[in-house]
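Work through the exercises below with the coordinates open. Each task is followed by a stepwise solution.

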Amino acid sequence: MVNKRNLVFVTAAVLAAILVPQVLTMLGEEYLIGTASRIAIYGLAAMSLNLILGYGGMVSFGHAAYFGVGAYVVGILSFHVFDGSSIMGFQGTDAAVLSWLLAIVISALVAFVLGALSLRTSGVYFIMITLAFAQMLYFLFVSMERYGGDDGVIMYNGRNSLPMVDLSDDTSFYYVCLTFLLAFLLLFVLLVRSRFGKVLQACRQNETRMRALGCNVRRYKLAAFVIAGAVAGLAGALNANHAEYVSPDYLHWTKSGDLMIMVILGGIGTIIGPVIGAAAFLLLEDFLPLLFDATGFPTFKEHWRIVFGPLLILVVLFARGGLVGTFSAMRGDHER
Amino acid sequence: MSAEPLLRIDGLYKSFGALAASNDVCIDIAPGEIHAVIGPNGAGKTTLVAQICGQLQPDAGTVHFDGRDITLLQQDKRPALGLVRSFQITSIFPDFTALENVAMAVQLNAGHSFHFFADAGRDTSLNEPAMGYLKTVGLQASAGTPAFALAHGQQRQLELAMALALKPKMLVLDEPMAGMGPDETAHVISLLNELKGSVTMLLVEHDMDAVFALADRISVLVYGKIIATGLPEEIRNNAAVREAYLGSEDDADA
Amino acid sequence: MYLFLEQLLNGIQFGVFLFLIAAGLTLIFGIMGVINLAHGSLFMIGAYAAAVATEWTGSFALGIVIALVVSGIVGMAIEFVIIRRLYDRDHLDQVLATFGLILFANELMTILFGRTPLFLNVPDALNGSVEIFPGVQYPLYRLAIIAMGVLVALILFLIITRTRAGMLIRAGSTNRDMVAVLGVDIALMFTLLFGLGAVFAGFAGAMAGPLISVEVGMGEQQLILAFVVVVIGGIGSVRGALVGALLVGVVDTLGRAFLPDLLKLFMDPASADGIGAGLSSMSIYIVMAAVLIVKPNGLFPVSVARH
């Protein structure tokens, strides 16, 4: 990060990200600005998963739960504004600052409770339990008839309101998402180098040793789990705004799988990997069907996952470093 | 035995099914002493270490450290009291450099690690002491080498440096010489000799030369029972010990 | 009271299903150390195979047999091509690769059979109900499922107590060297065991056909419930899978049937329905959390021999 080549690279990447809307407008592909926002949002969510998965070694298969809780906080608050009703004695709100903050706090709280329970175990138990708890929340939201049950909540009032910024404008919204992404990237760099980050990485490498060194391992893992949950909640809140719609699908277990794929695809345990993975995943999702259509395999247009599944297996079996790892290997870098 | 013992193990009992891995084990270790525990494979040495360090809980009996009953104290709370262990099978952080490994130990010794922003890798309050401990064990030249790339003997030395970084009152060393060459063994023996007096040690070791070179007193563990405790000469000349253990040294070294 | 009895039997029958799925899952994990998400896909494949084969042959019994064969073969093929490359990998790799398998299997089924669910009728011989208690009628087919579940549990019990593979299960061993010491062709044994687990899953899917609609994604619901079962019972323990499955089946069924009514005793009907629906959908996870707090390694932890 400190050496010159990296500095040039980072500056160029940030500039490119800032110019995305202008370039897309010039090309007449404005509708892709929404995809760019989604990349920023999912990049944020995948990075938060990477904190516990790649750095903390916690294979959480329920990360979409926090994404969904954050989204539902925004959706429910907006629903009550539209409905004019109150929730537990409080009015709903359309204010971005308040509802996003609440989304962060509530998903952090949920992550705290579920994390404290899940972290009583490790290994394959942890995978199954995080998956099961996420499924529990999924069914909880499905059962909430008031908020649409299976169908979810449509935000009839549109996106949240932010002073000075018009979130309903796609370009402004993209910049808001990008700001959050860049801010968390910066925070993330600091975090993984800090004492806390070192402890987390050491726990991943050798938990027994950490305990013997006098470290209360579970406390640090839980702290990381809560941070990851909070950031995923923010990403969920942003995605609810992007789509102006929230449904139990946000918490579906395949969504947790998607987040994991993004992390792996981009490069687990690297700083920028999950963002690249999110971009690759979402672009594949958008363009793989078109590609099949154009190349004379229209059958696969709708069924692109039949190619994506085996692709994932191949990446797992043969390209563990993901895109970042492969790229670095080609450059002859040594990833740390 | 004039002073109050630093570690007092009293009536420790632990069984796995029908097998009693610790059977009424009693050991007192005075401050400054190097106390060796020897015994054939399967005698229950590692089980004993695990109970002293809180990895396993005994079925009966007590462990007192520095006047405090720690029998049921959680494993990760023990190093703060000054009770620190090393592992029989090398246990380090393979992706960290040697320096980072020791710096982690220094960091954990310095209190909680809920510091989220400052770069720990550039923290001289961690790196300088860590470098000092690497020097003590003779690894300063390899400070920047990732731990997985160190030779086996060097990894054992690294492990010792990490243990020292916790500023222990007492070190529980589970076969520190396992897998070391003769030169490295000699180096570690002289290092432990230098520490003698300032750090109390419980030494579990197969290498009899090392044991007799270092130990003030020796306890012999056979089938979970202490069959003898005494000065090295006493143990050497003890008939029961010779029969149970030293007499069949070929097996014991296997 | 009769209603309660009927729901209790429904719960046991649901539990038997879950046991069939969880048993294969826990066996495969216990012996090979692999967490196989695609286990739910084998359930789905069994259901589809039974539905299609019954349609062709006109015989439900033949449909079941074909479903067993198909899921067994698919299971062994999956093991041969992919799973065996994952034995030495960490759990994350196993999760991701088998997740890739799910994506593939689901999409393949969609291409082959479309998105409309298939329906499988209860065979004539098992259609109808019997009087299990004076005045209580219960569907014969569901009773048959319970009987089948008992039979499978017995077979598994015999495998575990009477065979070499069973010896390994009892030892809680994931140590491949030890298997080699026993003089078994490990690769072949693992393939066959994986096939056996697949057969159980496929059997559950085939039997489920007449009760739930046969559709893409039907396996994953069951898979996650099977995870809950395994967590409650203890990974690697077949006995734990049985107890956990019955517990989950009964709690879930009774919760859905009675919790809203129970809550109406304390609150107004509208909120009782709402909260009851929410609570009953969470009930088994709450049981799981409770077990975790008391016994983090499940009710029947398999102690791995250490020294």
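The exercises concern a predicted model and go from the fold of one chain to the contacts between chains.

**Exercise 1.** Determine how many helices and strands chain A has, and how its radius of gyration stands against the globule rule.

Solution. Step one is to list the secondary structure: chain A has 14 helices and four strands. Step two is the rule, which gives 20 Å for 336 residues; the radius of gyration of chain A is 20 Å, close to that value, so chain A is as compact as a globular protein of that length. Step three is the extent: the C-alpha trace spans about 55 × 50 × 45 Å along the principal axes of chain A.

**Exercise 2.** Find what share of chain A is buried, and what share of its contacts between residues at least 6 apart in sequence join residues at least 24 apart.

Solution. Start with burial, where a residue needs 20 or more other C-beta atoms within 10 Å of its own. By that criterion 52% of the 336 residues of chain A are buried. Then take the contacts in chain A between residues at least 6 apart in sequence: 74% of them join residues at least 24 apart.

Definitions and conventions: Residues are numbered from 1 along each chain as its sequence is written. Chains are lettered from A and ligands numbered from 1 in the order in which they are written. This is a predicted model: local features need pLDDT of at least 70, side-chain atom pairs count only at pLDDT 80 or more; totals for chains, interfaces and linings use all residues. Helices (H or I, at least four residues) and strands (E, at least two) are DSSP runs, numbered from the N terminus. The radius of gyration is taken over C-alpha atoms; the globule rule is 2.2 Å times the number of residues to the power 0.38. A residue is buried if 20 or more other C-beta atoms lie within 10 Å of its own, exposed if 12 or fewer, and partly exposed in between; C-beta atoms are placed from the backbone. Two residues are in contact if their C-beta atoms, placed from the backbone, lie within 7 Å.
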